[in-house]
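Please open the model in your viewer and keep the selection panel at hand.

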Amino acid sequence: MLLVILLCLEFVLRLVLEVRECRAVQARVNAFTVMRLIPLVNDIVPLPENREQPQVGNFVAMHEEGHKMLHHSILRNLVKVAIALVAIWFLAALMVRWQANFVEAVLWLHLAAIPFRVFFHFYCWTQEYEADGYALKKTDKKIAKNALQELARCEYPHTPLFALVYREHPTAVLRKKRLLNK
Ligand SMILES: [Zn+2]
């Protein structure tokens with residue numbers, strides 16, 4: 001019963017988030033919007049990031065070099081493995097200790113994973129900001145500003161809250177604000 005209540009609560013909260021997003025950025029309602037509301041489906045539905053392929057320049061190249069130099073992908077994978085281990089332990093505990101059936105266990109895991117997912121996105125965002133900082137040092141303010149403006153022009157706009165729930169990347173608008181204080 002508690003499981004059903006929590007799943008309904010999740011649905012309502014996600015619906016509120018979608019409505020808020022539609023109002024804030026004039027986003028269009030599409031199949032993805034509906035898929036994001038359905039528990040489990042929303043774990044695998046992709047979020048398209050760009051409406052147009054941005055022209056990549058030196059700043060983006062240096063940003064990628066920054067990821068490499070700072071060993072971001074290894075760290076990210078370690079965090080993923082740690083979260084996966086916790087997930088397996090949680091699933092096993094639900095089925096063995098609390099005698100949940102498989103479907104119930106998976107639904108509980110889906111709910112428990114939501115804060116972990118947000119935390120993981122937050123962790124990825126800190127890496128993105130670090131890589132931006134690296135790229136800024138290797139280029140200059142003007143190049144960074146132009147590059148982030150180009151990225152912002154090409155990507156779908158999102159509010160920070162929506163991006164934190166669904167994206168591993170902060171929006172270009174947030175990155176620009178963070179990097180250049182504007
Ligand atoms: Zn990056």
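The structure holds ten salt bridges, a salt bridge being a side-chain nitrogen of Lys or Arg within 4 Å of a carboxyl oxygen of Asp or Glu. This is a predicted model, in which local features need pLDDT of at least 70 and side-chain atom pairs count only at pLDDT 80 or more, while totals for chains, interfaces and linings use all residues. Residues are numbered from 1 along each chain as its sequence is written, and side-chain values use heavy atoms, with hydrogens and water left out.

Select R117 and D43. They form a salt bridge whose closest N and O atoms are 3.4 Å apart. The pair links distant parts of the chain, with R117 in helix 6 (residues 102-138) and D43 in helix 3 (residues 41-44), 74 residues apart. Helices here are DSSP runs of H or I with at least four residues, strands are runs of E with at least two, and both are numbered from the N terminus. R117 counts as partly exposed because its relative accessibility is 35%; D43, at 24%, is also partly exposed. For these classes, buried means under 20% relative accessible area, exposed over 50%, and partly exposed in between (1.4 Å probe, protein chains only).

Next, select E128 and R76, whose side chains meet in a salt bridge at 2.9 Å, N to O. E128 lies in helix 6 and R76 in helix 5 (residues 72-96), 52 residues apart. E128 is buried, with 2% relative accessibility, and R76 is buried at 15%.

Then select D132 and R175, a salt bridge with its closest N and O atoms 2.8 Å apart. D132 is in helix 6 and R175 in helix 9 (residues 172-180), so the pair ties together parts 43 residues apart in sequence. Both residues are buried.

Now turn to F11, V12, L15, V16 and V19. Together they form a nonpolar surface patch with about 390 Å² of accessible area, the area coming from the Shrake-Rupley method with a 1.4 Å probe, where for residues only the protein chains shown count as cover. Patch members have over 30% relative accessible area and no salt bridge; nonpolar side chains (Val, Leu, Ile, Met, Phe, Trp, Tyr) are joined within 5 Å, like charges within 9 Å. V19 sits in helix 1 (residues 2-25).

Finally, show the whole protein. It has nine helices and zero strands, and its C-alpha trace spans about 60 × 35 × 25 Å along the principal axes.
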